[in-house]
Amino acid sequence: MNISIIGASHSRDIFDSKFIEEYKEYFRVRSYYSMTSMLSVMSRPIEYNFEKLIKSGMNDHQMEYWYYELEKPILKGLQSKMPDVLLMDFYADARYGARAYGSEYVVNRLFKLKEKEIIDWTKLGIVYSYEQNTNDFV
């Protein structure tokens, strides 16, 4: 069975042979997108400075994460992978929430981009989270 995952590492760990040796007998992970808000997944791409992202000094994993978060290719990726099952967890939504960015949304983990001039900080808007504005967020 082909699986795609949008969620935290906890959801991905189910399909890791370090934890469950025989998972490959039953499942194949087609794609994994980590720690994003579902509001962000459903948004259009965010304007950002790709060159500054590349030169930011982030490791490959962090750069890939922010590329997916800002470019938002997740839905197109799912369409091309055509998984049998889409496993979604909402850990990033529960932990970080989302933030308006112009007319779009991004996961509210932007402190990771602080002082890197990758995004336009003047476009940041309302934070949506369970703690700050539960009804609007839901």
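Reply:

Glu-117 is exposed, with a relative accessible area of 54%; here exposed means over 50% relative accessible area, buried means under 20%, and partly exposed is in between, using a 1.4 Å probe and protein chains only. The model is a predicted one, in which local features need pLDDT of at least 70 and side-chain atom pairs count only at pLDDT 80 or more, while totals for chains, interfaces and linings use all residues. Residues are numbered from 1 along each chain as its sequence is written, and side-chain values use heavy atoms, with hydrogens and water left out.

The side chain of Glu-117 meets that of Lys-52 in a salt bridge at 2.6 Å, N to O, a salt bridge being a side-chain nitrogen of Lys or Arg within 4 Å of a carboxyl oxygen of Asp or Glu. Lys-52 lies in helix H3 and Glu-117 in the loop between E5 and E6, so the pair ties together parts that are 65 residues apart in sequence. Helices (H or I, at least four residues) and strands (E, at least two) are DSSP runs, numbered from the N terminus. Lys-52 counts as partly exposed at 32% relative accessibility. Another such pair joins Lys-55 and Glu-51 at 3.1 Å, N to O, and Lys-55 is exposed at a relative accessible area of 63%.

By this rule the count comes to 5 salt bridges. Glu-47 counts as exposed at 59% relative accessibility, whereas Lys-123, at 31%, counts as partly exposed.

An open sheet of 3 strands has the order E5-E4-E6, with antiparallel pairing, and two strands are said to pair if DSSP finds at least two bridges between them. Its edge strands are E5 (104-107) and E6 (124-128), each of which pairs on one side only. Neighbouring strands of this sheet are turned by 30° against each other on average, direction ignored. Strand E4 (residues 98-101) and E5 pair in the antiparallel sense over 4 bridges, and they form a hairpin with 2 residues between them, where Gly-102 in the turn has a positive phi of about 65°. In this pairing Arg-99 has Val-106 of E5 as its bridge partner, and Ala-100 stands opposite Tyr-105 in E5. Helix H7 (residues 130-137) packs on the sheet, touching E4 and E6, and its direction makes about 90° with that of E6; axes are lines fitted to C-alpha atoms, for helices over the stretch in contact, and angles run from 0 to 180 degrees between N-to-C directions.

Leaving aside neighbours within four places in sequence, Trp-66 is in contact (heavy atoms within 4.5 Å) with Leu-53, Met-58, Arg-109, Leu-110, Lys-112 and Leu-113.

Met-38 has its place in helix H2 and counts as buried at 16% relative accessibility. Not counting residues up to four places away in sequence, Met-38 touches Ile-6, Met-88, Asp-89, Phe-90 and Asp-93.

In helix H5 (residues 74-81), Ile-74, Gly-77 and Leu-78 are buried. Seen down the axis of H5, these buried residues fall within an arc of 100°, so they line one face of the helix; the arc is that of the directions from the helix axis to the C-beta atoms. The cover over them includes strand E1 (2-7), strand E2 (28-34), helix H2 (38-41) and strand E3 (85-88), while the face turned away from the buried side carries the exposed residues Lys-76, Gln-79 and Ser-80.
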